[in-house]
Amino acid sequence: MANVITIIRIVCGLSLLFCAPFSRWFYWVYLLGGGSDVLDGYIARKTGTETESGAKLDTAADVVFFAAVLVAMMKAVHFPLWLTVWIIAIAVIKCVNVISGFVLCKRFVAAHTAANRLCGILFFIIPLCMNRVRWQFVAVLILLTCITATFAAIQEGHYIRSKKANQPKL
């Protein structure tokens, strides 16, 4: 059941690519996808059906969903070049972390750290604020999200390279 809910997030992410950014349909699909992110892990834990493949699917769903949201935001909002470069740099660090996990730990590593969770929460809030609050607040929220994402990516890389990634729940 938890994996079905996770797959819903993938479908929602792909569907967001066909919704007008920040439209009523966008927000319905967005909230359904975000809700599935919270619900799948909860159900897996409560039913005792947590698996490594489920964790990998969850990470893949997160990547698809948040990449789609980022594409939608970049279509609708002009990001300055420095911010676009920063976001790309974070993505590169995350990709290096995935490769490092395979090379050093001989497996896929998804570190579910507090910094990664905080980054996800901050990122999730951004679209909900678009066109609803002052742009200065959104700008600060985007900066905080990028700072948190940078820290989370570097921390994750540190854990992988120090082989702490072999510990459970990272």
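Ser36 is buried, with 4% relative accessible area, where buried means under 20%, exposed means over 50% and partly exposed lies in between, using a 1.4 Å probe and protein chains only. This residue belongs to helix α2. Apart from neighbours within four places in sequence, Ser36 is in contact with Ile5 and Arg9, a contact being heavy atoms within 4.5 Å.

The model is predicted, so local features need pLDDT of at least 70 and side-chain atom pairs count only at pLDDT 80 or more, while totals for chains, interfaces and linings use all residues. Residues are numbered from 1 along each chain as its sequence is written, and side-chain values use heavy atoms, with hydrogens and water left out.

### Overall form

The protein chain has six helices and zero strands; helices (H or I, at least four residues) and strands (E, at least two) are DSSP runs, numbered from the N terminus. Along the sequence the pattern reads α-α-α-α-α-α. The radius of gyration of the protein chain is 16 Å, close to the 15 Å given by the globule rule for 170 residues, so the chain is as compact as a globular protein of that length. That radius is taken over C-alpha atoms, and the globule rule is 2.2 Å times the number of residues to the power 0.38. Along the principal axes, the C-alpha atoms fill a box of roughly 45 × 35 × 20 Å.

Of the 170 residues in the protein chain, 41% are buried. Among contacts with a separation of 6 or more, 77% are accounted for by residues 24 or more positions apart.

The protein chain exposes about 9900 Å², and carbon and sulfur atoms supply 73% of this area. Accessible areas come from the Shrake-Rupley method with a 1.4 Å probe, and for residues only the protein chains shown count as cover. The chain carries 16 positive and 7 negative charges, whose mean positions are 6 Å apart. Lys and Arg count as positive and Asp and Glu as negative, whereas His and the chain ends are not counted. The place of a charge is taken as NZ of Lys, CZ of Arg, CG of Asp or CD of Glu.

### The nonpolar core

The largest nonpolar core has 29 residues. Such a core is a set of buried Ala, Val, Leu, Ile, Met, Phe, Trp, Tyr and Cys residues joined through side-chain atoms within 4.5 Å. The residues with the most contacts inside this core are Leu16, Phe26, Phe65, Val69, Met73, Ile126 and Ile142. Two or more residues of the core come from each of α1 (2-16), α2 (24-47), α3 (52-76), α4 (81-105), α5 (114-129) and α6 (135-161). The most is given by α3, with six residues.

Phe26 is among the residues with the most contacts inside the core. With neighbours within four places in sequence set aside, Phe26 is in contact with Leu16, Cys19, Ala20, Pro21, Ala72 and Pro127.

### Residues that link separate parts of the sequence

| Pair | Separation in sequence | C-alpha to C-alpha distance |
|---|---|---|
| Leu31 and Phe124 | 93 residues | 9.4 Å |
| Leu57 and Ile10 | 47 residues | 9.4 Å |
| Ser15 and Tyr30 | 15 residues | 9.2 Å |

Leu31 is placed in helix α2 and is partly exposed, with a relative accessible area of 44%.

Leu57 lies in helix α3 and is partly exposed, at 22% relative accessible area. Beyond neighbours within four places in sequence, Leu57 is in contact with Asn3, Thr6, Ile7 and Ile10.

Ser15 is found in helix α1. With 27% relative accessibility, Ser15 counts as partly exposed.

### Two loop residues with positive phi

Phe22 is found in the loop between α1 and α2. Its phi is near 65 degrees, a positive value in a residue other than glycine. Phe22 counts as buried, at 13% relative accessibility.

Asn131 is found in the loop between α5 and α6. Although Asn131 is not a glycine, its phi is positive, at about 65 degrees. With 68% relative accessibility, Asn131 counts as exposed, whereas Phe22 counts as buried.
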